[in-house]
Amino acid sequence: MTFTVSVNTDIVFGESDPRDAVDAVADAGAEALEYWGIESTDRAALREACDERGLDISASTCLGVAGNSGGEGPSMTDPDLHEEAVSDLERSVELAAEVGIGSMIVTVGPDRNLPPGTEHRAIVRALRGAAPAAEEAGVNLVLEPLNLPVDHAGYYLDSSYEAYEIVDAVDSPNVGVLFDVYHQQITEGNVIQNITEHVEFIDYVHVADVPGRHEPGTGELNYGNVFAAIDDAGYEGYVGLEYSPSDGADPAETVGDVLDMAP
């Protein structure tokens, strides 16, 4: 297959410190891990532990702007906080580069009900401001739309199509879209055609099934077909497992089952 599977240690294994899940991820057969909160662990120690088991650290979440419906720190949707948002993005890139984390996940903050186009332009401007630092460091900034009806009411960016427009406007090789199949199935559906037609904008993929955000194979999505489509489209990045295992399910077994679905 063209893509590499990563495991989110916070939600799949329930570990607040990703170091505590390194062995479990490796033993399950995955090649990388990701975690929430770039500052939430000893990054150098995590890098050492991953190197010992041959794992990449594929992604973490940005500082400040990582708030979903609000959160702490400046929001990219507020034009008056442009400098603060860029500073947080640049600092996130710096931290990632120190230990070789490939991508930093960017969420934009709440819908502020500003005049049409204002928040869109603010996000473009912030990402343009941080793009040079990302390019110099070799770190990707991946912009994530989230669903509003189930998990993230009040968030600004739910449309993958608007995310593509933003990334196209930024026009940087190190700024792309994080396509979360779970979120976009809820928001838009038609995920296979969407991925296939826009793969040039997609730099990271997340997966979980619908409903429930449990492991692939427990809901309405045919993940065998989804993974085959991602592979056939030539996507060569990471596919991150970001699901909560079903009640009673063994997390490591769910990872193995998902790996068996991949081409």
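Where is the place of Pro110? In this predicted model, Pro110 sits in the loop that runs between strand S4 (103-106) and helix H5 (118-137). The relative accessible area of Pro110 is 14%, and because buried means under 20%, Pro110 counts as buried.

**The protein as a whole**

The protein contains 10 helices and 8 strands. Its radius of gyration is 17 Å, close to the 18 Å that the globule rule gives for 263 residues, so the protein is as compact as a globular protein of that length. The C-alpha trace spans about 45 × 40 × 30 Å along the principal axes, and buried residues make up 56% of the 263 residues. The accessible surface comes to about 10,400 Å², with 42% of it belonging to carbon and sulfur atoms.

In helix H3 (residues 43-53), the buried residues are Arg43, Leu46, Arg47, Ala49 and Cys50. Seen down the helix axis, these residues fall within an arc of 165 degrees, so they line one face of H3. Glu48, Asp51 and Glu52 are exposed on the other side of H3. The buried residues of H3 pack against helix H2 (22-28), strand S2 (32-34), strand S3 (56-61) and helix H4 (82-99).

Helix H8 (residues 191-198) has Val191, Asn194, Ile195 and His198 as buried residues. They cover an arc of only 95 degrees around the axis, which puts them on the same side of H8. Their packing partners are helix H6 (160-170), strand S6 (175-180), helix H7 (181-187), strand S7 (202-207) and helix H9 (223-232).

**A buried strand residue**

Leu241 is found in strand S8 (residues 238-241), and at 0% relative accessibility this leucine counts as buried. When neighbours within four places in sequence are left aside, Leu241 is in contact with Val5, Ser6, Val7, Asn8, Val12, Val207, Val255 and Val258. Ala134, by comparison, is 107 residues from Leu241 in sequence and 24 Å away in space, C-alpha to C-alpha.

**Backbone details in two loops**

Most residues other than glycine have a negative phi, and most peptide bonds are trans. Against that background, the peptide bond from Val210 to Pro211 is cis, with omega near 0 degrees, and Pro211 lies in the loop between S7 and H9. Arg213 is found in the loop between S7 and H9 as well, and has a positive phi of about 60 degrees although it is not a glycine. Asn113, with a positive phi near 55 degrees, is placed in the loop between S4 and H5. The table sets out the accessibility of the two residues with positive phi alongside their backbone angles.

| Residue | Phi | Relative accessible area | Class |
|---|---|---|---|
| Asn113 | near 55 degrees | 66% | exposed |
| Arg213 | about 60 degrees | 17% | buried |

Thus Asn113 is exposed, whereas Arg213 is buried.

Technical notes
Residues numbered from 1 in each chain as written. Predicted model: local features only at pLDDT ≥ 70, side-chain atom pairs only at ≥ 80, totals over all residues. Heavy atoms only, no water. Helix = DSSP H or I, 4+ residues; strand = E, 2+ residues; numbered from the N terminus. Rg over C-alpha atoms; globule rule 2.2 N^0.38 Å. Buried < 20%, exposed > 50% of the residue type's maximum accessible area, 1.4 Å probe, protein only. Areas by Shrake-Rupley, 256 points an atom, 1.4 Å probe, with all protein chains shown as cover. Arc of directions from axis to C-beta. Contact = heavy atoms within 4.5 Å.
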